[in-house]
Protein chains: 2
Amino acid sequence: MATLRDVAREAGVSVATASRAINGLGNVTAPTRAAVMAAVKKLNFVPHSGARSLTRRKTDTVGVILPDLFGEFFSEIIRGIDLVAHEAGMHLLLGNMHGSTHETAAAIASMRGRVDGLLVMPPDLKPELLADYLDPALPTVLLNYDAGSLDLPFVAVDNYRGAYAMTEALLARGARQVVHIAGPKHNRDARDRQRGFVDAMTKVGGVRNPAILPGDFSEESGLKAARLLLEGQLPADAVFAANDQMAVGLIAGLAEAGKAVPGNMMVAGFDDIPLARHLNPSLSTMQVHIDRLGSTAMMMLLRILRGETLGAASATILTPALIARGTTDAMAIAGTPA
Amino acid sequence: MATLRDVAREAGVSVATASRAINGLGNVTAPTRAAVMAAVKKLNFVPHSGARSLTRRKTDTVGVILPDLFGEFFSEIIRGIDLVAHEAGMHLLLGNMHGSTHETAAAIASMRGRVDGLLVMPPDLKPELLADYLDPALPTVLLNYDAGSLDLPFVAVDNYRGAYAMTEALLARGARQVVHIAGPKHNRDARDRQRGFVDAMTKVGGVRNPAILPGDFSEESGLKAARLLLEGQLPADAVFAANDQMAVGLIAGLAEAGKAVPGNMMVAGFDDIPLARHLNPSLSTMQVHIDRLGSTAMMMLLRILRGETLGAASATILTPALIARGTTDAMAIAGTPA
DNA sequence: TTCGCCCGTGTAACCGGTTACTCTGCGGAT
DNA sequence: ATCCGCAGAGTAACCGGTTACACGGGCGAA
């Protein structure tokens with residue numbers, strides 16, 4: 001592979017001149033520039049980005065560290081990030097911690113010298129621990145993680161408000177006994193959604209101890225919840241699953257037992273995955289523009305890279321929107337409370 | 001940020017010793033190593049991967065260049081790649097050409113010096129043109145692209161065989177007049193699927209000019225095809241869409257017109273996106289393990305990086321599997337040909 | 001004519017690591 | 001006691017670019 005030295009020799013100039021000509025800097029006469037360009041073409045020279053970024057102290061790359069790559073959630077985040085990054089001429093370096101907290105440190109460390117900034121979606125570990133891993137000198141924006149004590153900018157979804165709104169909507173549609181299917185216990189999103197549900201039930205529904213079934217965000221666990229619900233003869237006229245995936249499983253479980261949705265029971269989810277619209281009846285849910293989570297974070301990172309100083313104060317909280325569809329059709333349930 | 005020189009000074013040794021100690025090479029006494037490690041801890045030293053890869057001539061990174069990041073197809077490919085790459089301790093550098101052929105060259109060029117190898121899914125351009133872009137010195141595996149004249153290894157899906165098999169299956173289930181909804185004209189996958197359909201119809205079905213409606217892989221175009229089909233009064237008892245997305249739109253269009261699936265018309269797709277199982281009735285389709293496309297390609301790349309020489313001869317062709325579901329339920333259609 | 005300035009170009013240091021080669025000193029063999 | 005071998009450590013070149021600074025020549029001003 002040809003190096004800049006080769007080009008310079010071929011063109012009969014010094015490396016400095018070759019470099020200037022190639023990068024379109026001033027102080028190069030037209031003939032000289034032409035000679036260099038000819039050499040570039042002849043030798044098929046392509047600048048070595050690695051070497052370049054070493055001196056420039058700039059890699060034009062942003063590291064993206066996610067807990068997983070499974071499912072639409074992460075791919076949408078990546079797409080959102082890429083949308084903005086591409087516009088700014090930056091590349092994405094993916095670091096997958098594969099769910100392991102331990103690998104997080106390694107993933108972050110291996111980014112040093114490869115990226116100009118970091119977009120991190122931490123697993124559910126203590127902020128102090130995270131602070132140990134992160135390099136304070138490296139611009140970092142957190143995804144879906146309230147920095148708390150750390151003074152880092154972050155982008156998150158207002159899960160609490162979203163869950164509250166959905167619960168309220170179910171109550172407004174006539175449901176009295178709403179059951180929640182929770183997400184993984186250690187998951188921040190899941191906890192916030194559960195809090196929103198409980199608070200809405202208490203304050204708006206006047207229910208003292210709202211019913212909650214365990215789940216883990218998987219379709220499978222939604223199915224299990226349906227069985228639990230029916231076998232346990234838990235009185236319920238609506239179920240609010242902490243995510244769409246579980247709602248899908250839940251509906252399958254209800255259908256299995258001959259329960260009509262929304263006829264016997266209303267169902268709602270959270271996330272608005274594409275599948276939601278295609279179910280029959282279609283699934284009511286809280287719409288989260290996941291890609292915006294990524295693009296917003298990337299835009300914040302770009303601002304930091306441009307010299308602005310952003311702290312936790314400049315966090316962005318995205319509010320999900322209520323999408324009412326078939327599974328919470330109030331008309332259907334009106335006459336037939338379970 | 002602390003450099004190796006800082007660590008060496010702090011530990012009272014030379015950079016060479018510090019480097020050896022940190023990398024666990026021999027020729028370092030235990031006390032010396034301990035001193036270096038203490039300095040590392042004290043200064044919070046993290047090696048600069050960029051500098052390291054410059055001398056090692058190894059980046060532990062593989063460049064992934066895709067035409068787009070939209071939809072499940074690409075995210076599954078990335079996940080498949082990551083699965084294998086992570087195992088081998090490699091990172092993924094994403095290069096998105098955003099559908100533009102022109103950007104392809106830039107994307108590939110900007111990878112030089114950043115990656116050890118390339119996984120490229122080229123848009124539908126001439127192989128000779130692609131050869132111009134690619135660096136012959138950089139190990140490269142193509143995704144979903146028959147190298148043709150180039151002697152590059154590639155991984156692809158046998159779209160022709162898949163389409164042929166599905167068409168055959170529809171015929172076997174009693175369909176006589178199968179209509180195909182084609183994908184984008186310039187798309188290689190789409191063309192192969194269409195060829196498979198046409199050949200099966202001709203050879204197995206004995207149909208001279210099988211009916212084909214235009215499409216572009218989008219749900220929207222599937223919906224349009226349904227309208228075209230019904231308004232045009234094209235005789236049909238089965239529709240084979242070139243991908244699931246269009247099949248979904250098609251089914252919506254048929255439902256709109258009061259046509260029952262599979263009662264009035266059987267429907268089949270291609271890809272087996274997750275949504276397929278959840279439709280009601282569930283969608284028959286050709287299952288493509290998209291993630292394997294990525295993981296297989298990555299495994300081939302690793303072999304090249306280990307020193308093996310792989311050419312077009314070592315290409316892998318993945319054969320999709322027929323998944324018969326509700327939309328092609330033969331029993332339902334038996335008595336009611338449209 | 002001479003001085004000073006600026007423009008085009010070259011030299012070499014530098015980015016932050018790795019590593020070939022060199023050097024020193026100590027233990028064992030002769 | 002002398003020599004050899006080798007382990008532990010250091011010096012400096014190198015990876016492939018960028019760029020501060022030096023340098024020489026041409027031109028306008030005095």
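User: Which domains does the assignment give for chain A?
Analyst: Chain A has domain 1 (4–47), domain 2 (60–156 + 290–318) and domain 3 (159–288 + 322–334). These bounds come from an automatic or database domain assignment. This is a predicted model: local features need pLDDT of at least 70, side-chain atom pairs count only at pLDDT 80 or more, and totals for chains, interfaces and linings use all residues. Residues are numbered from 1 along each chain as its sequence is written, chains are lettered from A and ligands numbered from 1 in the order in which they are written, and side-chain values use heavy atoms, with hydrogens and water left out.

User: How far apart are the centres of domain 2 and domain 3 of chain A?
Analyst: Taken over C-alpha atoms, the centres of domain 2 of chain A and domain 3 of chain A are separated by 31 Å. Their contact (heavy atoms within 4.5 Å) takes 6 residues from domain 2 of chain A and 7 residues from domain 3 of chain A.

User: What area is buried there?
Analyst: About 670 Å² is buried between domain 2 of chain A and domain 3 of chain A, and carbon and sulfur atoms give 42% of that. Buried area is the accessible area (1.4 Å probe) that two parts lose on being put together, summed over both. In domain 2 of chain A, the residues that lose the most area to domain 3 of chain A are A:Glu72, A:Asp124 and A:Ile290, together 60% of what that side buries.

User: How many salt bridges cross that interface?
Analyst: The rule finds 0 salt bridges between domain 2 of chain A and domain 3 of chain A. A salt bridge here is a side-chain nitrogen of Lys or Arg within 4 Å of a carboxyl oxygen of Asp or Glu. The rule does find 2 residue pairs in polar contact across this interface (both at pLDDT 80 or more). A polar contact is a pair of N or O atoms within 3.5 Å; within protein, one must be able to donate a hydrogen and the other to accept it, and residues adjacent in sequence count only if both atoms are side-chain atoms.

User: OK, chain A against chain B. How many residues does each give to the contact?
Analyst: Chain A gives 41 residues and chain B gives 41 residues. The area buried between chain A and chain B is about 3,900 Å², with 57% from carbon and sulfur atoms.

User: And how many salt bridges between chain A and chain B?
Analyst: The count between chain A and chain B is 2. One pairs B:Arg277 with A:Glu219, where the closest N and O atoms are 3.6 Å apart. Between chain A and chain B there are also 27 residue pairs in polar contact (both at pLDDT 80 or more).

User: Which elements of chain A give two or more residues to that side?
Analyst: On the side of chain A that touches chain B, they are H4, helix H5 (71–87), strand S2 (91–96), helix H6 (101–109) and helix H12 (275–278) of chain A. S2(A) gives the largest share of that side, 6 residues. Helices (H or I, at least four residues) and strands (E, at least two) are DSSP runs, numbered from the N terminus.

User: Now the DNA. Which residues are closest to DNA strand D?
Analyst: 28 residues surround DNA strand D, the closest being A:Leu4, A:Arg5, A:Thr55, B:Arg20 and B:Thr32. A residue is near a strand if one of its heavy atoms lies within 4 Å of it. A polar side-chain atom of B:Thr32 is 2.5 Å from a phosphate oxygen of DNA strand D, while one of A:Thr55 is 3.1 Å from a sugar or linking oxygen of DNA strand D.

User: What about a base of DNA strand D?
Analyst: A base nitrogen of DNA strand D lies 3.5 Å from a backbone N or O atom of A:Ala51. Of the atoms of DNA strand D within 4 Å of the protein, 59% belong to sugar or phosphate and the rest to bases. H4(A) supplies the largest share of the surface near DNA strand D, 5 residues.

User: And which residues come nearest to DNA strand C?
Analyst: Of the 28 residues around DNA strand C, the nearest are A:Thr32, A:Arg57, B:Leu4, B:Arg5 and B:Thr55. A backbone N or O atom of B:Leu4 is 2.6 Å from a phosphate oxygen of DNA strand C. A polar side-chain atom of A:Thr17 is 2.7 Å from a phosphate oxygen of DNA strand C. H4(B) gives the most to the surface near DNA strand C, with 5 residues.
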